[in-house]
There are 2 protein chains.
Amino acid sequence: MPKLVIVGTVALDNIRTPFGEVKNALGGSAFYAGLSASYWTEVGLVAVVGRDYPPDGFSVLNRHGVDVRGIEKSAELTFSWSGEYTYDLNTAHTLKTDLNCLLSFNPDIRKSYQDIDTLFLANIDPDIQGRILDDLEKAPSLVVLDTMNYWIETKKNSLLKVLKRIGILTINEGEARMLSGQFSLVQSARVIQDMGPETVIIKRGEYGSLVFEGKSIFASPAYPLEDVRDPTGAGDSFAGGFIGYLTRHEDRSNDRLRQSIVIGSAMASFCVSDFSSRGIENLKPPDVSRRLQEFSDLTSYRSLAPILRSDGSQ
Amino acid sequence: MPKLVIVGTVALDNIRTPFGEVKNALGGSAFYAGLSASYWTEVGLVAVVGRDYPPDGFSVLNRHGVDVRGIEKSAELTFSWSGEYTYDLNTAHTLKTDLNCLLSFNPDIRKSYQDIDTLFLANIDPDIQGRILDDLEKAPSLVVLDTMNYWIETKKNSLLKVLKRIGILTINEGEARMLSGQFSLVQSARVIQDMGPETVIIKRGEYGSLVFEGKSIFASPAYPLEDVRDPTGAGDSFAGGFIGYLTRHEDRSNDRLRQSIVIGSAMASFCVSDFSSRGIENLKPPDVSRRLQEFSDLTSYRSLAPILRSDGSQ
């Protein structure tokens, strides 16, 4: 039985970046998050795919030990996202969104999973996110939720309702400002914490993330790569990594949260190094250890006992 | 005799941000960098002011022990910058630049200073930066240089010449890409290191900085403040802080460089918390110690011995 269940999308993406192009490539929030989490804990997906979904998608998930019993097969086509990135790899330009089988996606999570330790509600309609929480007989010990500007604009009340019921929200910086009505990210996080989640993780793309829990703030950079080829899935790989690591460990200390964010950042850095999910497939323990060591080298410094020029007199 | 000499501008700024407005406010690259550095080492300025420069500017510098012998007084008006920030506090919108006395600024550094340990050439014409280096009989042990897009566009050859003669370049991320012709900041830094400076510090505004020295990369966040009131001078306060700290300490180790970047980031965070130079005036040692502790809390995490779900088998 998977300890972590991820509800989100499995997609076929058409992506163009300055470094290449892929068509009908494996993607989707649950797909990226599931693969990334699979390195850290037992994970199951709740999603829907269409009749055109290639067997290869399931092979990749199976190879990583991801439980796919919760993936429905629809008679429609698979959800498809077509997007383009220019040299500003922080911003995806959506060319086309074909919802297809996602239009009627209304999963019954109880069919596949009952006793869920951690639930990740990736970016979908907040009404569905709320209904899934209603359906569970036993509340998960941790619920993490992701959302986007579209839901803040069109379903804010539903979103506010579901925010009261979760432990961690992941949101990008523009969306945090939009949701809170605050410009300062510190104030945005405080306002959002008052809406429900104790922990707010603000994603800043190539600049990393800011993590607010209680009064604590943790800043984690994104790993600066020689080459970023395709940013698609970075946020979901980040989420899958940190949630997978949190799920694996029982304690919910702030120390553990910080470690999980570093894990998530490392997984995101693997993700963007190649197109589609190639960067997070078949990683070996030494690859991960090396990247974590690089992360530590990137951010650590010897603690300072500052001596001002004229201590005490200025 | 000051150990650190800063060549740059002293200005009167007109600044509007969403949080207020100031007119004829004390500013300029050398002014900000000098004040910030004054907390860490003996510092002297080389700059020019006009006949309208208020005595208050000199009082502030004197109060912080900044040597002002190298500030010429011109019969023209003081250099003046008028700018505006919208809620995107990362981007200054220049409304007006009155060069005034800066037009004929051509300082003879030997008149005021001979034996310079560290020289900071703040953002001015690279031909003047080069001539100042020519003028010095004894090369400083460290030369730090700042520049901007305008010089990259209009005087690239002069800039490339002076880059061969410095140890540290500070540059913002867009300018690093422009100067190197590379999109990846890692590759940008490598290309710029090949142009001369062993150390390249890429400034990313509210996202902090990336520091490249040899093969080492250090990422430092900007301190996330509840309220940023005026970003003017942040980059120069950052530079003054890290250069002042480096000047104070003899060793040029990578450890020391990392510490200096944290000091610079702390000074920048004080700077942006208020208009003009108010945020970096009259700081007390406990203020600085507290911010440095907050910085450490912001970035530190317990080191990880990562255990993947199925170590060795995946």
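Reply: Start with a definition: two strands pair if DSSP finds at least two bridges between them. Keep in mind that this is a predicted model.

Me: Which strands are joined to β1(B) by four bridges, and do they run parallel or antiparallel?
Reply: In general, strands of a sheet pair through backbone hydrogen bonds, either parallel or antiparallel. Here, four bridges join β1(B) to β4 (residues 43-49) of chain B, and the two run parallel. Another four bridges join β1(B) to β8 (residues 118-121) of chain B, again in parallel. To find these pairings on screen, look for B:L4 with its bridge partner B:V43 in β4(B), and for B:V5 opposite B:L119 in β8(B).

Me: Which way do the residues of strand β1 of chain B point?
Reply: B:L4 and B:I6 point one way, B:V5 and B:V7 the other way, and all are buried. Buried here has a cut-off: 20 or more other C-beta atoms within 10 Å of the residue's own.

Me: What is the strand order of the open sheet of four strands in chain A?
Reply: The order is β3-β2-β6-β7, with mixed pairing. At the edges stand β3 (20-27) and β7 (93-98) of chain A; each has a single partner strand, so one side of each has no neighbour in the sheet. From one strand to the next, the twist averages 15 degrees. Within this sheet, β2 (residues 11-17) of chain A and β3(A) run antiparallel and are joined by six bridges. A:L12 is opposite A:L26 in β3(A).

Me: Where is the hairpin formed by β12(A) and β13(A), and how many residues lie between the strands?
Reply: Strand β12 covers residues 209-213 of chain A and β13 covers residues 216-220. They run antiparallel, joined by five bridges, with two residues between them. A:E213 has A:S216 as its bridge partner in β13(A). In the turn, A:G214 has a positive phi of about 55 degrees.

Me: Which residues other than glycine have a positive phi?
Reply: The general rule is that most residues other than glycine have a negative phi. Two exceptions can be looked up here. A:S276 has a phi near 50 degrees and sits in the loop between α9 and α10 (285-299) of chain A. A:S276 counts as buried because 23 C-beta neighbours lie inside 10 Å. In the other chain, B:N100 has a positive phi of about 50 degrees and belongs to the loop between β7 (93-98) and β8 of chain B. B:N100 is buried as well, because 21 other C-beta atoms lie within 10 Å.

Me: Where is A:F79, and why is A:F79 classed as buried or exposed?
Reply: A:F79 lies in the loop between β5 (67-73) and β6 (80-84) of chain A. A:F79 is buried because 26 other C-beta atoms are within 10 Å. Leaving aside neighbours within four places in sequence, the contacts of A:F79 include A:T9, A:G28, A:D98 and A:C101.

Me: How many residues of helix α9 of chain A are buried?
Reply: An α-helix has 3.6 residues a turn, so residues three or four places apart point the same way. Helix α9 (residues 254-272) of chain A is mostly covered, with 16 of its 19 residues buried. From its first C-alpha to its last, α9(A) reaches 27 Å, close to the 27 Å expected at 1.5 Å a residue.

Me: What rotation superposes chain B on chain A?
Reply: A rotation of 180 degrees does, with 0.0 Å of shift along its axis and an RMSD of 0.0 Å. That is the relation of a two-fold axis. B:Y207 comes closest to the rotation axis of the residues of chain B, at 3.1 Å (C-alpha).

Me: What confidence does the predictor give?
Reply: The mean pLDDT of chain A is 94, and 98% of its residues reach 70 or more. For the complex, the predictor gives an ipTM of 0.93 and a pTM of 0.95. Where pLDDT is low, the predicted coordinates should not be read in detail.

Methods
Residues numbered from 1 in each chain as written. Chains lettered and ligands numbered in written order. Predicted model: local features only at pLDDT ≥ 70, side-chain atom pairs only at ≥ 80, totals over all residues. Buried ≥ 20, exposed ≤ 12 C-beta atoms within 10 Å, placed from the backbone. Contact = placed C-beta atoms within 7 Å. Axes fitted to C-alpha atoms, helices over the stretch in contact; angles between N-to-C directions. pLDDT = per-residue confidence, 0-100. Least-squares fit on C-alpha atoms with pLDDT ≥ 70 in both. Expected span 1.5 Å × (residues − 1).
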